[in-house]
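Subject: Structure handover

Hello,

Here is the structure I said I would pass on. My notes on it follow below.

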Amino acid sequence: MSSTMWSVDEHLDDILGAVRPLEPIELQLHDAQGCVLVEDVFVEIALPPFDNSAMDGYAVRVADVDGADEEFPVVLTVIGDIAAGSGGLPDGRSVGPGEAARIMTGAPLPAGAEAVVPVEWTDGGTGGGPADAMRAHRDAPEGAGGEVRVHRPVEARAHVRDRGSDVRPGELALPAGSVIGPPQIGLLAAIGRATVKVRPRPRVVVISTGAELAQPGEELTGGRIYDSNSFALTAAARDAGAIAYRVGAVTDDPDALRATIEDQLIRADIVVTTGGVSVGAYDVVKEALSSVGDADEPGGVDFRKIAMQPGKPQGFGSIGPDRTPLFALPGNPVSAYVSFELFVRPAIRALMGLADLYRPTVRATLKADKALSSPAGRRQFLRGSYDVEAGTVTPVGGAGSHLVAALARADALIVLPEDVTSAEPGTDTEVVLLR
Ligand code: AMP
Ligand code: MG
């Protein structure tokens with residue numbers, strides 16, 4: 001254990017200086033969700049790929065329907081049907097003077113036609129009203145001939161989606177650095193891309209330690225508590241964008257812990273342990289980590305005191321042949337969670353190559369019945385409830401780092417700086433928003 005205290009910022013700088021973005025890989029679109037693109041993606045096809053109808057209706061020549069109205073509809077000969085997915089009119093026919101083609105939304109505009117008259121502006125070939133028109137249009141058999149009465153004129157290109165009106169070949173679809181969200185996945189699929197080159201999600205292995213830990217669902221026998229850390233931190237890792245593996249609780253035996261960590265290294269970009277680091281506690285994590293892998297390997301985990309509350313004792317370093325970053329977080333659930341938020345989450349995001357590593361912070365007015373006390377020389381993180389309308393933050397529960405129910409009710413961390421020993425109600429404070 002280093003004897004000097006590390007500030008929160010020094011510890012974080014040390015972590016971010018040690019982690020590098022993961023090497024890019026080619027991923028299927030869905031697997032790339034939330035990841036950062038590392039290539040400029042150019043469009044190779046036009047979108048739409050061809051002129052097509054924006055409506056169900058009739059493809060016509062503009063001059064034919066000029067002056068059409070309810071009283072004096074224009075009568076056109078229906079020469080065929082064009083469904084979405086069809087190649088156009090049969091035998092490569094085009095729409096000639098006095099003719100129309102029945103056309104569906106998304107179907108290619110046939111040669112000769114200049115616009116689409118929506119079916120609502122016609123009799124649908126029935127001689128009846130708009131309701132008949134819609135039904136008839138929908139139900140008419142393929143290749144139906146006959147006539148259609150058009151009640152309104154259209155301008156050239158009306159109800160036509162022009163080829164390339166969305167994007168054209170050669171245009172930049174998404175620049176490198178884009179974060180792949182649902183609309184970006186949609187665009188990539190629309191231009192025909194099945195895979196993209198991105199930085200992958202880090203794989204985070206979460207291991208809790210403690211002989212006292214029982215698994216939820218098991219019976220709780222004397223002196224035991226349920227392992228909540230491995231669940232909370234696995235969820236937090238997922239929330240940060242990682243692929244998370246919950247290994248669960250390992251008993252307080254350095255050999256067992258070392259064996260577990262060595263087993264897990266194969267699938268880990270980050271290892272997170274909880275417990276076994278408190279001063280005076282049986283230092284199982286420390287002992288196990290002093291001899292992970294080969295003794296000649298560089299790296300190692302430094303156990304330090306961080307000038308913060310909660311979360312003072314913890315470790316960070318790298319282990320194994322790939323120098324995998326390892327976070328040895330405290331065992332107390334609030335300490336573990338706050339430490340994860342402050343240190344592991346930014347590291348995960350740095351591995352992903354994201355520009356935005358941190359939770360948003362705001363300033364808010366402290367709303368409390370009495371002054372909050374805070375230890376001198378340590379940055380305190382209290383659980384709070386943030387009211388965006390009022391611009392206030394209210395402490396939830398006390399400072400105790402075992403208070404998991406209060407943590408579950410909180411949506412923010414109230415930050416009291418190192419030099420503050422007491423914060424009066426009404427004080428302007430920094431708040432980290434957790435949601
Ligand atoms: P330790 O640092 O291992 O002494 O743990 C500090 C405190 O946190 C003890 O009260 C532990 O019982 C508790 N604790 C440790 N690990 C967990 C866990 N995975 N889930 C819930 N509480 C834990
Ligand atoms: Mg323990």
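Please keep in mind that this is a predicted model. I begin with the ligand and then turn to the loops.

Ligand 1 sits in the largest pocket. Two elements each give two or more residues to the shell around ligand 1: strand 14 (203–209) and strand 16 (225–226). By type, the shell residues divide into five nonpolar, ten polar and two charged. There are 17 residues around ligand 1, and those that come nearest are Glu212, Asp227, Ser228, Gly276 and Ser278.

- Glu212 has a polar side-chain atom 2.6 Å from an oxygen atom of ligand 1.
- Asp227 places a polar side-chain atom 2.7 Å from a nitrogen atom of ligand 1.
- Asn332 takes part through its backbone, where a polar atom is 3.2 Å from an oxygen atom of ligand 1.

How much of ligand 1 does the protein bury? Taken alone, ligand 1 exposes 480 Å², and the protein buries 79% of that.

The next site involves two loops. Ser165 belongs to the loop between strand 11 (160–161) and strand 12 (172–174). Its side chain reaches the backbone oxygen of Asp162 at 2.7 Å. Which residues does Ser165 contact, leaving aside its neighbours within four places in sequence? They are Leu47 and Pro48. Pro48 is found in the loop between strand 4 (41–42) and strand 5 (52–53). Ala46 can be set beside this: Ser165 and Ala46 are 119 residues apart in sequence, while their C-alpha atoms are 8.0 Å apart in space.

The two residues that Ser165 contacts, Leu47 and Pro48, are themselves joined by a cis peptide bond, with omega near -15 degrees. Another cis peptide bond joins Gln309 and Pro310, and its omega is about 0 degrees. Pro310 lies in the loop between strand 20 (308–309) and strand 21 (313–319).

One further backbone detail concerns Asp91. What is the phi of Asp91 near? The value is near 60 degrees, which is positive in a residue other than glycine. Asp91 is located in the loop between strand 7 (74–82) and strand 8 (99–103).

If you want a place to start when you open the file, go to ligand 1 in the largest pocket and look for the side chains of Glu212 and Asp227. After that, go to Ser165 and its contacts with Leu47 and Pro48.

Regards

Methods. Residues numbered from 1 in each chain as written. Chains lettered and ligands numbered in written order. Predicted model: local features only at pLDDT ≥ 70, side-chain atom pairs only at ≥ 80, totals over all residues. Heavy atoms only, no water. Near = heavy atom within 4 Å. Polar contact = N/O pair within 3.5 Å; in protein donor to acceptor, adjacent residues only side chain to side chain. Areas by Shrake-Rupley, 256 points an atom, 1.4 Å probe, with all protein chains shown as cover. 1 Å grid on protein atoms, 1.4 Å probe; cavity = no way out; pocket = protein on both sides within 12 Å on 5 of 7 lines; lining within 4 Å. Sits in = over half its atoms within 2 Å of the grid points. Helix = DSSP H or I, 4+ residues; strand = E, 2+ residues; numbered from the N terminus. Nonpolar A, V, L, I, M, F, W, Y, C, P; charged D, E, K, R; others polar. Contact = heavy atoms within 4.5 Å.
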